[in-house]
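Look at how side chains pair up in the model below. Start with the charged ones, then move to the rings.

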Amino acid sequence: MNPQMDLKNISKKIGRLPTLPGVAMKILRAMGRDTPDIREISEIISLDAPLSAKVLKMVNSPFYGLSNKITSVHQAMVYLGLNTVKNLALSFSLLRTFEHKNKSSFDYVQFSKDSLVGAIAAKLIAEKTNRQHGENAFFLGLLQNIGLPIMAESMPVQYEEVIMKTKSNSASLHEVESQLLGLNHMEVGEYVTHAWGLPAKLTVPIGAHHIPGRLTSGSDDIESLTKTLHLSSLYIILFNGSDPKVDYAEIENCIRAYGLNSVINNSATVKEITEGIKNLFPIFEIKIDEKKYIDIIEAARYESEKLSSDLLNQVQSQSECLDQLKQQVGLDSMTQLYNHDRFMEILHQEISRATRYKTPLSIIIADVDYFKSVNDFFGHQAGDHALKCVSSHLKKLLRDSDHIARYGGEEFGIILPMTPLKEAMQAAERLRKAIESEKIIYREKSISVTMSFGIALLENNRKVDVEGLIKMADEALYDAKNTGRNKCCHYKLQNPEKTQTSTVLVIDDEEVVLVTVTKMLERLGYAVLAAKSGQEAADLLHQKGIKIDMVIMDMVMPDTSPDKILNDIRDMHSESKVVLTSGYNLSSGGNENLLKKTNGFLQKPYQLAELSRIVKATLNN
């Protein structure tokens with residue numbers, strides 16, 4: 001409704017409209033300034049002792065979950081924000097306007113209860129769907145039916161008839177209002193709040209919250225808040241109605257129609273609203289009907305189970321198809337093992353489960369030794385065949401409850417739920433021996449391979465995420481590689497002094513090399529700085545507050561000489577170790593003197609294991 005359009009009509013029908021209480025007018029006036037002053041608004045609220053007391057009770061309630069006790073309105077604004085406290089103050093002052101009225105059969109106590117349920121529901125819904133509306137949602141939920149007491153006070157006789165007719169038939173209250181009075185409480189609420197100076201994004205949703213479909217245009221904020229109010233109005237009906245099963249089903253349908261079923265759990269929201277009622281009703285001096293709300297929760301739980309069962313039966317065939325599709329998408333096309341993404345997804349689930357139930361969980365990262373030699377000697381098709389055979393053999397040797405994936409290239413990831421470290425080591429050793437003894441036949445040629453295994457345990461007393469657990473298994477695998485291959489090693493927690501993160505500066509003008517080496521070092525647990533030119537390297541070396549433990553630098557940089565960079569390193573970071581890299585053999589270019597000034601040399605291209613070995617050795621020397 002356009003407030004200007006029906007101004008005369010509304011004024012004629014309901015006479016003089018209520019004005020805002022003095023404190024509310026002062027708050028809105030202060031908020032209307034270009035730069036609202038928090039201290040000014042807190043002083044306005046604090047001057048009204050009952051109002052400030054209620055605001056402080058509210059912000060200290062479990063509903064807002066603040067860990068520290070708030071002792072002043074100004075402090076509340078700092079913790080909750082200016083708008084939230086402003087809206088709470090307006091809510092209390094506006095509801096106070098309609099307390100203890102007895103002009104008609106209109107139930108002002110029930111109106112207060114319904115308003116508060118709507119406010120709690122609106123805030124909870126906004127927090128799940130659009131958090132930026134959270135600070136306004138409570139206030140808006142409280143005001144959504146403000147037109148009801150205004151109409152009941154302004155036309156008590158006519159409104160008596162509305163109440164009686166609504167009770168005697170199944171029509172909605174706003175439909176009966178429009179039929180008998182020519183306007184409804186949504187229109188009155190929109191007009192009055194507009195007259196009070198509230199913005200359109202708050203007034204328009206009030207004018208459409210029972211029939212959101214009437215909105216033909218408006219901003220995304222208006223549409224979102226209107227849907228939030230509509231859902232909150234349905235929760236008011238649920239907590240005030242006579243048939244909670246029907247009301248619950250209507251909310252469920254509405255949530256699905258709005259596409260919000262992935263973020264709003266109806267049954268859980270009913271419980272959350274009930275908790276909010278228990279926390280906030282006493283602050284508003286409203287009695288709680290414990291039995292009524294227990295019955296509503298039980299009805300919600302029953303309907304949730306029933307709807308879930310019906311929905312499951314309805315989409316069972318579709319679900320099976322989706323499961324098959326998901327299974328196919330999550331498989332590696334060559335080996336038919338899980339792919340990397342599916343492995344990460346399952347590992348995340350298993351870590352959550354193991355953490356929740358405090359059960360052991362181990363993982364293995366395994367790698368085929370010298371696999372490049374298989375490809376070079378027998379050909380890539382033979383290498384693919386060998387990978388398929390290894391995959392099949394590993395899978396057969398694992399339990400049904402275990403998960404195995406092709407982690408990447410010739411690397412495999414294995415998840416062992418409910419498995420302590422000792423049993424995981426035994427399983428890895430069993431796999432190692434089986435692969436070592438397996439003869440792979442390809443076009444009448446016999447191929448023998450071995451594998452190295454790194455094992456890590458998710459310990460109950462350590463907080464480790466997916467990446468952290470994989471990194472632990474990786475480190476164990478590199479230990480196996482660096483100490484001879486064809487063996488199993490488990491992750492060993494090192495001395496804290498030795499596990500302090502070292503910082504490595506990588507200098508290389510080839511972007512692909514720079515990115516690759518950076519990721520390799522990060523995977524090994526180092527802090528990495530990267531420079532793709534001599535000038536960038538100089539800037540980093542001269543930057544204060546940075547400790548660089550090691551530098552890996554390409555010996556040929558287009559914009560500077562290696563001697564210049566080495567001089568900068570010695571001037572600014574005299575303790576830093578330096579390793580040169582090149583695609584050419586260092587001795588072939590007559591650069592033996594350059595090598596003497598550094599701590600080592602890496603011939604490009606190099607593997608992760610080789611990089612790990614030389615970095616560890618260089619830093620420890």
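Lys278 is partly exposed, because its relative accessible area is 37%. This is a predicted model. The partner of Lys278 is Glu275: the two form a salt bridge, with their closest N and O atoms 3.8 Å apart. Glu275 is partly exposed as well, with a relative accessible area of 43%. Both residues belong to helix 16 (residues 266-280). They are three residues apart there, about one turn of the helix.

A second bridge has a longer reach in sequence. Asp332 lies in the loop between helix 18 (316-329) and helix 19, and Arg406 lies in strand 2, so their pairing ties together parts that are 74 residues apart in sequence. The N to O distance in this salt bridge is 3.4 Å. Asp332 and Arg406 are both buried.

Next comes helix 22 (residues 421-437), where Arg432 and Glu429 are three residues apart and therefore separated by about one helical turn. Their salt bridge brings the closest N and O atoms to 2.7 Å. Arg432 is buried, because its relative accessible area of 10% is under 20%. Glu429, at 25% relative accessibility, counts as partly exposed. Elsewhere, salt bridges that share partners join Asp367, Asp369 and Lys481 into one network. How many salt bridges does a search of the whole structure find? The count is 18.

Now the rings. There are two aromatic pairs. In one, the ring centres of Phe343 and Tyr407 are 5.6 Å apart and the planes stand at 85 degrees, so the pair is edge-to-face. This pair links distant parts of the chain. Phe343 sits in helix 19 (residues 340-357) and Tyr407 in strand 2 (residues 403-408), 64 residues apart. Phe343 and Tyr407 are both buried.

The other pair is Phe377 with Phe378. Their ring centres are 4.8 Å apart and their planes are at 80 degrees; the angle is over 60, so this pair too is edge-to-face. Phe378 counts as partly exposed, at 28% relative accessibility.

Charges also meet rings. The charged end of Arg342 sits over the ring of Tyr338, 5.6 Å from the ring centre. Arg485 places its charged end over the ring of Tyr370, at 4.4 Å from the centre.

Strand 2 takes part in two of these contacts: Arg406 lies in strand 2 and pairs with Asp332, while Tyr407 in strand 2 pairs with Phe343 of helix 19.

How values were computed. Residues are numbered from 1 along each chain as its sequence is written. This is a predicted model: local features need pLDDT of at least 70, side-chain atom pairs count only at pLDDT 80 or more; totals for chains, interfaces and linings use all residues. Side-chain values use heavy atoms; hydrogens and water are left out. Rings of Phe, Tyr and Trp (its six-membered ring) pair if their centres lie within 6.5 Å; planes under 30 degrees apart count as stacked, over 60 as edge-to-face and the rest as tilted. Helices (H or I, at least four residues) and strands (E, at least two) are DSSP runs, numbered from the N terminus. Buried means under 20% relative accessible area, exposed over 50%, partly exposed in between (1.4 Å probe, protein chains only). A charge sits over a ring if NZ of Lys or CZ of Arg is within 6 Å of the ring centre and within 35 degrees of the ring normal. A salt bridge is a side-chain nitrogen of Lys or Arg within 4 Å of a carboxyl oxygen of Asp or Glu.
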